[in-house]
Amino acid sequence: MSFEEVDKGTHVVLAPEGKFNMVAAPPLKTRIDDLVAAGKTHLVVDLHGVDFIDSSGLGALIGGLKAARQQGGDLRIAAVGEQALAVLKLTNLDRILSPYATVEEALHDW
Amino acid sequence: MTGNGAPTGKDYVLEGFAVPDQLDAVHALLAQAAADHPNLEAMDVMLFETAIIEIANNVVEYGRPEGEVRWKFTIRVREDEIEAELDDTGQTFTPEQGKGMPGEEAEGGRGLPIAEALLDQIEFKRMGDTNHWRMVRRLGQLPPA
């Protein structure tokens with residue numbers, strides 16, 4: 001799985017597609033780590049193109065969130081599908097990874 | 001091909017190597033079973049899919065020798081439940097069942113707890129030189145929306 005990346009200056013939007021799983025999660029997490037190391041600490045993961053997420057995908061998001069916050073930034077998720085929403089709630093991760101309806105909403109105070 | 005009223009209890013079977021590329025085939029197997037049973041609630045299928053993929057992930061990730069483990073998935077739809085059986089030729093091990101969901105900051109350790117939360121039965125046993133998982137989700141147990 002590939003993912004799109006758009007650098008908007010104040011933030012970077014990453015948009016994985018398809019199944020965000022044990023195959024797709026490691027490269028996205030590596031990219032997030034690289035971005036954070038380069039000072040790009042305000043990240044939005046746009047999940048509109050993701051129809052399935054597994055625990056590896058969740059782990060990449062949590063790891064990315066921690067990395068961004070440690071550098072004073074944040075990672076937010078937007079356009080979360082039904083399955084991902086169910087898994088976020090089941091794992092209680094919706095408490096620290098609040099899903100925003102759109103990328104625009106995720107940016108509200110950046 | 002099955003038309004209307006696909007027989008309940010029909011086996012949907014996938015055999016091959018337990019490697020990352022084959023996870024899509026597991027999704028496709030369940031999609032085929034669901035397509036033959038239009039009365040299945042989409043939410044039941046989605047949550048069952050989430051559960052069995054986590055168990056499949058574990059076999060792919062931890063089964064040894066890596067890349068050489070073979071597996072056989074069997075899915076059955078019954079009137080009141082959907083069942084998957086997974087046999088694999090990986091090494092023997094003891095799954096840590098019943099550990100509960102890890103804390104919010106954890107980056108791993110959620111696979112089996114997710115499966116356990118979404119299934120009504122999850123059984124593991126070693127049978128000869130094969131690991132055997134049986135996973136069942138009862139249908140019609142969805143909470144009100």
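**Entry 1, the chain A sheet.** I started with β1(A) and strand β2 (residues 12-16) of chain A, which pair in the antiparallel sense over five bridges. For pairing I ask for at least two DSSP bridges between two strands; strands (E, at least two residues) and helices (H or I, at least four) are DSSP runs numbered from the N terminus. In this pair, F3(A) faces P16(A) of β2(A).

This is a predicted model, so I kept in mind that local features need pLDDT of at least 70, side-chain atom pairs count only at pLDDT 80 or more, and totals for chains, interfaces and linings use all residues. Residues are numbered from 1 along each chain as its sequence is written, with chains lettered from A and ligands numbered from 1 in the order in which they are written.

Next I traced the whole sheet: it is open, has five strands in the order β1-β2-β4-β6-β7 (chain A), and its pairing is mixed. At its edges I found β1 (3-7) and β7 (99-100) of chain A, each pairing on one side only. Helix α1 (residues 25-37) of chain A packs on this sheet and touches β1, β2 and β4 (42-46) of chain A. Contact here puts C-beta atoms, placed from the backbone, within 7 Å. The helix direction makes about 175° with that of β2(A); axes are lines fitted to C-alpha atoms, for helices over the stretch in contact, with angles from 0 to 180 degrees between N-to-C directions.

**Entry 2, the chain B sheet.** I then turned to chain B, which has three helices and five strands, in the sequence pattern β-α-α-β-β-α-β-β. Its open sheet of five strands runs β1-β2-β3-β5-β4 (chain B), with antiparallel pairing. β1 (11-17) and β4 (121-127) of chain B are the edge strands with a single partner each, so one side of each has no neighbour in the sheet. β1(B) pairs with β2 (residues 70-77) of chain B in the antiparallel sense over seven bridges, and the bridge partner of V13(B) in β2(B) is T74(B). Helix α1 (residues 23-36) of chain B packs on the sheet, touching β1 and β2 of chain B, and its direction makes about 170° with that of β1(B).

I looked up the contacts and got 19 residues of chain B against 21 residues of chain A. On the chain B side, α2 (42-62) and α3 (111-118) each supply at least two residues; α2(B) gives the most, with eight.

Methods
Contact = placed C-beta atoms within 7 Å.
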